Amino acid sequence: MLSSEQIAELAGALAATAETLGQTLSASACELMAEDLAEYPAEVTAAALKSCRREVAGKLTLATIIERIHAHDGRPSANEAWAIALAGTDERDTVVMTEEINQAMAAAQPVLDAGDKVGARMAFLSAYERLATEARRDKRPVKWSVSLGFDPARRVQAIDQAQRLGRLTSDAA
């Protein structure tokens with residue numbers, strides 16, 4: 001949670017960001033938005049505002065900022081999550097996945113076992129989006145875990161890659 005001084009600074013950053021997008025926000029609107037964003041870490045919000053300045057062509061909205069905060073929370077996109085989950089179906093492979101990927105795959109697995117890969121993907125994507133949205137709403141940080149496969153060479157490769165991507169700490173790896 002941000003201090004009163006940090007909220008005031010954030011309100012100023014909101015006004016300046018809106019100005020770079022050709023928009024003027026009232027002081028009270030900036031203050032309200034800053035209070036809503038105060039529950040996020042300051043550095044994450046600053047990065048989201050920078051993304052807005054570079055990417056947004058329209059008006060600056062709270063939803064636009066929160067979308068960018070969520071995009072940088074460490075969770076993969078739904079399609080990337082599906083690829084990770086699919087790799088986990090080969091028991092030789094070691095896979096590093098989030099809780100949401102694991103839970104979504106549990107929902108999709110019966111459809112995949114029935115031989116319907118397209119239906120499984122659709123079930124997975126729907127469940128993953130719902131689970132990721134709930135986690136973000138509840139401000140739960142992303143949690144990566146390792147599912148060890150049988151192939152030792154693949155273990156090393158998967159864990160090294162996860163460490164390079166910042167998904168696992170050195171200690172966890």
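Q: Is Tyr128 buried or exposed in this structure?
A: Keep in mind that we're looking at a predicted model. Residues with under 20% relative accessible area count as buried. Tyr128 has a relative accessible area of 2%, so Tyr128 is buried.

Q: Which residues have the most contacts inside the largest nonpolar core?
A: This core has 24 residues. Its suppliers of at least two residues each are α5 (78-87), β1 (95-98), α6 (99-113), α7 (117-137) and α8 (152-164). The residues with the most contacts inside this core are Ile101, Met105, Phe124 and Tyr128.

Q: What is Ile101 in contact with, leaving aside its neighbours within four places in sequence?
A: Ile101 is one of the buried residues of α6. What covers those buried residues includes α5, β1 and α7. With the sequence neighbours left aside, the contacts of Ile101 are Pro76, Ala81, Ile84, Ala85, Phe124 and Tyr128.

Q: Are the rings of Trp82 and Phe124 stacked, edge-to-face or tilted?
A: Trp82 sits in helix α5 and Phe124 in helix α7, 42 residues apart, so the pair links distant parts of the chain. Their ring centres are 5.3 Å apart. Planes under 30 degrees apart count as stacked and over 60 as edge-to-face. Here the planes are at 55°, so the pair is tilted.

Q: What is the angle between the planes of Phe124 and Tyr128?
A: Phe124 and Tyr128 are four residues apart in helix α7, about one helical turn. Their rings are 5.8 Å centre to centre and form a stacked pair. The angle between the planes is 10°.

Q: Which residues do ring pairs link into a cluster?
A: There are two aromatic pairs here. One joins Trp82 and Phe124, and Phe124 also pairs with Tyr128. The cluster is therefore made of Trp82, Phe124 and Tyr128.

Q: How far apart are the end C-alpha atoms of α6?
A: α6 has 15 residues, and at 1.5 Å a residue they should span 21 Å. The distance between its end C-alpha atoms agrees with that, at 21 Å.

Q: Where does α6 bend by about 40°?
A: Look for a spot in α6 with a proline following within four residues. That proline is Pro110, and the bend is at Ala107.

Terms used
Residues are numbered from 1 along each chain as its sequence is written. This is a predicted model: local features need pLDDT of at least 70, side-chain atom pairs count only at pLDDT 80 or more; totals for chains, interfaces and linings use all residues. Side-chain values use heavy atoms; hydrogens and water are left out. A nonpolar core is a set of buried Ala, Val, Leu, Ile, Met, Phe, Trp, Tyr and Cys residues joined through side-chain atoms within 4.5 Å. Buried means under 20% relative accessible area, exposed over 50%, partly exposed in between (1.4 Å probe, protein chains only). Contact means heavy atoms within 4.5 Å. Rings of Phe, Tyr and Trp (its six-membered ring) pair if their centres lie within 6.5 Å; planes under 30 degrees apart count as stacked, over 60 as edge-to-face and the rest as tilted. The expected span of a helix is 1.5 Å times one less than its number of residues. The bend at a residue is the angle between axes fitted to the seven residues ending there and the seven starting there.
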